[in-house]
Each structure stands twice: as C-alpha cells, then as structure tokens.
Amino acid sequence: MGLRKTGGALLAATLLGAGIVVGCGGNDGVEPADVVLRGGKVVTMDGERRIAQAVAVRGGRIAFVGSDAEAARRIGSGTKVIELGGRMLMPGFIDAHLHALAGGRALLVCDLAYAPLTRTQLAQRLQACLDATPEATPDTWLEAVNWDRQSTASLDGDPTRALLDGLVTKRPIAVTSADFHSVLANSRAFALAGIDAATPDPAGGKFLRDGSGKPTGICEDAAGFQLKAAIPPDSEADQLKQGRAALAALREQGITTFMDAAADEAHLRVFKALRTAGELTARVNLAINLDPATANSAPAQAIAQAKALAARADAGDAAPAPGVAARVVKVFMDGVVNAPADTGALLTPYLQNIGTEAAPQWAPGDNLGQLYYTPASLQALMLAAADAGLDMHLHATGERGVRTVLDAVAATRQARPGADFRPAIAHAETVAVADYARFAALDVMATMSFQWAQRAPYSIGETESHLGAERFGRMEPFGSLQRAGARVVHGSDWPIDPFDTFLALKVGVTRAGDPANPHSAASFAPVFEGPINADPALSRDAVLAAATIHAARQLRLERQIGSLEAGKFADLIVLERDFLTVPDEALGRNRVLLTMVGGQVVAGREAFAGTVPPQRAALSSGVRVLSPRGSTGHAIPAQVPGAPHGHGDRHRH
Ligand SMILES: [Zn+2]
Ligand SMILES: [Zn+2]
C-alpha cells in the first residue's frame, strides 16, 4: 500500500496510500524493523513496476515497501534508519553468467587495462606493479594482462625482452596481450621455462627470434602457452584469495547474487570455506562445467558426476544469509564467432577474402564453425539433466549452435511435458531470424552480455567481414529476442571483459559504447563510437529486469530475490544517480553507493560509508588488489586451473 505506480494509476494510488496513512497512524500491532531506508526513489521491479519511498527490513527480509509515512510506524528504538536523500534504491543486481575465481585472479595480477602504451610507458607500468609488491620473492612471477600489443607496436615498435630485463627486479615476468595471442617475457622467464635458441617452435605457435635464432621475448599463440606452463599452478590459498577478491569486486558493483558459469571442485571448496568463515557477501550459484568428452560419450555418467558434485555444494533452500547453490550444468555447444577464431557454429559459412588485401572481396568459404555435440548426443544429455533435476546453461554463439540447442529443448519438452526445466542459452550472439520466436515458445532464456553490442576490436573489422553484412547487421539480437517474447537475462561474463555493470546496461539501452568510460572501446578511438548495427535495443526497464527479476528466474530464485516485495530477502542497492532519468550518455557512468545482502550492509561509500558494520569494513580492507578500480578484462591466463574455457581463443567465455 502507499506505493506509487509509474503509469496512469499514479494519482489514484497516491491518494489511496495517503488515506491509509491517516487511518493507521501509530505503531500498534506492527513490529519494529531492524533497518528502515527512507526518503528515496524505490524502484521495486515488481510485477506492476511500482515506485515507493521507503523499505523496512526485518530478519534479513523485506518487511514493508511503501511511503515514508507508513515506514515511520516501523521505526522503533532499535531500528537503524538510513536516509536515502532522494537517491534511487533497487533490487541488488543478479549477474547470471560470470567466472568468479578467474575474475578474482585477474584482479590480483598486474592489469595494463588495454591502454595504448609506448615501450617506456609499458616498462613504467610494470615497474609500478613490481614496486607495489615488495614482499614477493625473486622467484614469484609477475603476471601482467590486457597489454595492447598492437598499440605499442604502432607507437614505437614491438618491445623485446631487453625492455623487461631493464626493470628493477629479479622476478620472472610474463605479459599477456589483450587479444590473448601474444606473451612478452623477460630472460628470467625464458630460463625458467627452459626455452632458448635451440627450442623449436611448437605446433600452432611461434617464438619471435633475432638473427642468431635467440627468442626476442614475444611468444605467439602456443609458444605463449609453452612459456606460461612454467608458472606454478594456483594453490588452494591462492584460490581463496581469488574468491575474496571476487566478492569484494561484486559487492562494490552491487551484485548480490551471481552464477559462476563454469564451476568445478575449486569453486565449491572456496565458496563453502568463505561461507563458513562468514565472508560470503553474495549468493553463490554454481553451474557445474561438464567435461565434453564424457558428456558426449556417456551423458548419463556425466550428469551423475555433476549431480554428485552439486549435491555436495548445494546448501538446500535459500535463506536470507547468502549461501551456495548448485542446480545447473554448463555445456559448451560451439566456439566463438569472433575473428580470427571463427569457431562459432553457423548455418552458412564464414566469408573469406578471395581478393587482395588492398581490394578485398569477401565470399563464402567452407568453414561452418564447430559444434561440440551432435544433435543426438545433446538431446540425450539434456534429457538426463532434466530427469536429474538440473537446469542447463549452454554456451552458443553461432546460429547453428543456438538452433541445435533449441531443437534439443523441443525434444526435451516433448519427452517430459510439464517438467519445470529451465534452459538458458548464453551469448546467442547470432540467431537465425526464424528462431527468435522459439525462445518464448520453448521457454528458453537468452543470457546476454550487453556490452558486446558495442563497436570494439573484437566485434568490428575482421569479425564483421567474416560474418558478412547481413549476419553482422543482426548480431547481438537481445532487442529482437525480447520483441519476439523471449526473457532476456544479463550476464557480464567477467573477466572476459572489464567488470562494469552500468556500462553493460548502457550498451543494452543504446547499443553503443561510451567514449568517456575507460572500460569502453569507444574511449580508445572514434571508430568504436556509435551503434554496432541497426538491430533494436532494450528499454531501461528491460535491462534492469534482465539484471534482476529475469536473472532470478534463471536461478530459480524469483520467489526470494529479484524484486523488492514484502517477504523477499533484503538484497538491495542504492545508486548514485537515477538510472531511469539520467541522460543516455550518462547511463554507463553510474555507481552503487550501498549494497545490502540479506539485510546486512556489505558495502557503502561516501554518505553511506558509515552504514557498513566495522567487521564488514575490515573484511574489505584486507583485500588488496593490484588492478585499479576493479578494472580487468580479457584477462584469463591460458591453461590456468579454474580458467573458464577450453576453447583456445580470446573470447573464452
Ligand atoms: Zn561462453
Ligand atoms: Zn563465460
């Protein structure tokens, strides 16, 4: 009651609310709240999209949503009152697809953040990272990520190991490029890896060499993997640090629930340990990654193994205090549609240049990309998952990958009519127009990473040419899918990209990056400004729904979280600026000022810094990250345990 509606019923609803306040003044019969947040614009994201002023929290749940006047009745002597000062309050963000330990790991290494660096600047940045870790032993590797090799090369030429050998350190150093195809290493790293002039180039890779055959320092593709194989695997203590760093980044961004989209034993161990220690500040959902070999040849066995792991991880019914759930299996259907990989499974071939570089002529070749499951093997696997009570999250980037999933869901729906099975297709970057309506008809969620609908090095140029104008013109079809009735869900895929929820939501609304946001490709060069193509965008309400109530449904938590309604868990965030009214260009420059999970404030800044309990604040101050402002991206070192993907290119999401 007392809630305003956004639409035409505004006046009537306000009057009704006012009448009730007059009639029910006083505290009689109402239990005092633990916390009241008041004086704000409360965007509930409930079914009627009501807007309120205040929220009362009791026992970790929302006790009341409505007017300030009514909330006043819930304030007792022990109630903590948080004044919102007119700011927007909404349900906590739910990130339905990310890679938590890999993300935490990327925060803990040296992030070059795609900056266009001269060789001197590159050396300065690396020295700063070395200087920031004085406790590291001479044998501790310095790993740096997100190096823009092309920029350095065009500014003043490719660097060599001599540049790194000139740094003040004895440590081995490996610098991985943002496009993931190159590693620059120092002489100590080459020595530890046992690579010298006598070492042959591996298949699928190359050591750049000087006239005498000695490696210059840059290792391309498989040669980079060979060098980095010398880096010791992460210990369990390292993984715990990665989990802590990830949780710190999540609560700063206002993400109160997430799904790890390629979980294994390490995720289970880390997040259960953090829960036991009382350090869990987000609801953890694990999608158990299936081994493709077993899943293809012995689907029942693969599902039984995943079910056993899920049973050990899952803590049962969700409660206000955050826990760990595991009710989803993860399947990779195909590769990636980005050039030069061209491994996403398409219905018609990738184009290839049959002209010259100066006068290119693009024509279909014979590459249709790769499908990692036959239709029959996927159907067997999906039926086994549905029968085991596990939902399925399927990576599919190409239209043939997507169609094969939809066909398997159709078969599953037919075989098990009425079963509450909730499949989601992750990415769905290219979808045949004829398949748009099948998402709604088959109740398949589309879990998209909105930021990919910006012009970027990975989306235009070669990728545009290889897909061809028609297919590129409908790339990232989240708006078209929604118009066809699909439930669109947001997943950041962090750390494949910089972790920036508001930038992603902004691209969802405008299909263009933000030249003023350093996480956006549009900040690098004018060629990356403007919309990616003419396919439709989403409304502001739709992107918020994708990151709240729709994401909750993917996780079977729509009755507990995803909107602000009495009885639901008190997961909420306060924004610096009103997402519903800021100008389009400012959508991606917002910030979360307060994050509450299960009624506990887990992060707060500026006016809300004092709302964080001291023991919680101490937790965050114990997390030291090398990367600035939680900025990371494309940063998963290859062949590192816990790295999300098996397919060997940059977009290993
Ligand atoms: Zn993926
Ligand atoms: Zn992913």
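I started with the right-handed β-α-β unit made by S21, helix H14 (residues 399–415) and S22. Right-handed here means that, with the strands pointing away from the viewer, the path from the first strand over the helix to the second runs clockwise. Helices (H or I, at least four residues) and strands (E, at least two) are DSSP runs, numbered from the N terminus.

A note on the source: this is a predicted model, where local features need pLDDT of at least 70, side-chain atom pairs count only at pLDDT 80 or more, and totals for chains, interfaces and linings use all residues. Residues are numbered from 1 along each chain as its sequence is written, chains are lettered from A and ligands numbered from 1 in the order in which they are written, and side-chain values use heavy atoms, with hydrogens and water left out.

Next I checked the pairing, which takes at least two DSSP bridges between two strands. S21 (residues 391–396) and S22 (residues 424–427) run parallel, joined by four bridges. I found His 395 bridged to Ala 426 in S22.

I then followed S22 onward. Three bridges join S22 to S23 (residues 445–448), again in parallel, and Ile 425 has Ala 446 of S23 as its bridge partner. S22, helix H15 (residues 436–441) and S23 form a right-handed β-α-β unit.

Last, I looked up S16 (residues 255–263): is this strand covered or open? It is mostly covered, with nine of its nine residues buried (under 20% relative accessible area; exposed is over 50%, partly exposed in between; 1.4 Å probe, protein chains only). S9 (residues 93–98) pairs with S16 in parallel over four bridges, and Leu 98 is partnered with Asp 260. Asp 260 also stands opposite Leu 286 in S17. From S16 the chain crosses through helix H10 (residues 265–276) to S17, a right-handed crossover.
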